[in-house]
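This briefing goes through one structure topic by topic, with lead sentences followed by grouped points. Please keep the sequence and the model in view while reading.

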Amino acid sequence: MMQLRKANDRGHANHGWLDSYHSFSFADYHDPQHMGFGPLRVINEDRVAAGQGFGTHGHRDMEIISYVLEGELAHKDSMGNGSVIRPGDVQRMSAGTGVRHSEYNHSKDSGAHFLQIWIMPDQAGAEPGYQEAHFSATDKDGKLRLVASKDGRDGSVSLNQDALLYAGLFDGDQHASYTLPEGRLGYVHVARGKVSVNGQALEAGDALKLAAIDKLEINGGDKAEVLLFDLPR
């Protein structure tokens, strides 16, 4: 199975300070055909106006990943963490038994553009946690770089779920292959640019759901930034 999800088919909410596209049902956007994929529950593409952001609010039992594409995102939480993340940074907050946090565009002059990703944990009631790591453009240039995993291997941020998240940059004749283990789900999200996956042309915001497909071929990139999720069913 290879199912295309076009960018323009996503849910959309524009609050002035926040312009957000929802790949799966979220807030006032409800689509029973798009409630998640495996444990992947949310991919929101958010653009936040200068100096604006999400006030303090709570989460429970969710692995929350922030992946910055442009600008600066400031984070503070009830665990005592406070930082500013920028392009190349991957931030993971495990909400577990409960966390309160805020996220703001750190810049007073320019917008911030990032992906907010939620993955359901493999068990409820875990201890809350926080982690961030930086992956340079060189780390991802023409290849898939592991940025999140269950065991935190290869410098990736760790998840309370048997999920893998890879990020890659592809342009021109660069290409990569990925073998999806039997029984696993694959999900490709194009953060920007254009690329081909198994012959399917994809543009920014497009996604591809994959099941019972053992190999992915990524090529034909045009300034593309790609996220690949390897997920349990």
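Gly-205 lies in the loop that joins strand 18 (200-203) to strand 19 (207-211), and with a relative accessibility of 2% this glycine counts as buried. Between the C-alpha atoms of Gly-205 and Phe-229 there is a separation of 15 Å, the two residues being 24 apart along the chain. The model in which these values were computed is a predicted one.

**Overall fold**

- The C-alpha trace spans about 45 × 40 × 35 Å along its principal axes, and 52% of the 233 residues count as buried.

**Salt bridges**

- The count of salt bridges comes to 12, and one of the pairs ties together parts that are 122 residues apart in sequence, because Glu-70 lies in strand 6 (residues 63-70) and Arg-192 in strand 17 (residues 185-197).
- In that pair the side chains of Glu-70 and Arg-192 meet at 3.9 Å, N to O; Glu-70 is partly exposed at 42% relative accessibility, and Arg-192 is partly exposed at 29%.
- Glu-70 and Arg-192 also belong to a network of salt bridges that links them with Lys-140 and Glu-225.
- Asp-122 forms a salt bridge with Lys-150, in which the closest N and O atoms are 2.5 Å apart.
- This second pair links distant parts of the chain, with Asp-122 in the loop between strand 11 (112-119) and strand 12 (129-134) and Lys-150, 28 residues apart from it, in the loop between strand 13 and strand 14.
- Asp-122 has a relative accessible area of 41% and is partly exposed, as is Lys-150 at 38%.
- A further salt bridge joins the side chains of Arg-153 and Asp-151 at 3.2 Å, N to O; Arg-153 is partly exposed, with a relative accessible area of 36%, whereas Asp-151 is exposed, at 51%.

**Backbone with positive phi**

- Most residues other than glycine have a negative phi.
- Ala-27, although it is not a glycine, has a positive phi of about 55°; Ala-27 is found in the loop between strand 3 (18-22) and strand 4 (40-48), where it counts as exposed at 68% relative accessibility.
- Asp-154 is another residue other than glycine with a positive phi, near 55°, and its place is in the loop between strand 13 (144-149) and strand 14 (157-158).
- With a relative accessible area of 56%, Asp-154 is exposed.

**Charged surface and loop residues**

- Asp-141, Asp-171, Asp-173 and Asp-222 form a negative surface patch.
- One of these residues, Asp-171, is found in the loop between strand 15 (164-170) and strand 16 (176-179), and with a relative accessible area of 37% Asp-171 is partly exposed.
- Arg-86 has its place in the loop between strand 8 (82-85) and strand 9 (89-94), and at 36% relative accessibility Arg-86 counts as partly exposed.
- Arg-86 and His-134, which are 48 residues apart in sequence, are 8.8 Å apart in space, taken from C-alpha to C-alpha.

Conventions:
Residues numbered from 1 in each chain as written. Predicted model: local features only at pLDDT ≥ 70, side-chain atom pairs only at ≥ 80, totals over all residues. Heavy atoms only, no water. Patch = residues over 30% accessible without salt bridge, like charges linked within 9 Å, V, L, I, M, F, W, Y side chains within 5 Å. Areas by Shrake-Rupley, 256 points an atom, 1.4 Å probe, with all protein chains shown as cover. Salt bridge = Lys/Arg side-chain N within 4 Å of Asp/Glu carboxyl O. Lys, Arg positive; Asp, Glu negative; His and termini not counted. Charge placed at Lys NZ, Arg CZ, Asp CG, Glu CD. Helix = DSSP H or I, 4+ residues; strand = E, 2+ residues; numbered from the N terminus. Buried < 20%, exposed > 50% of the residue type's maximum accessible area, 1.4 Å probe, protein only.
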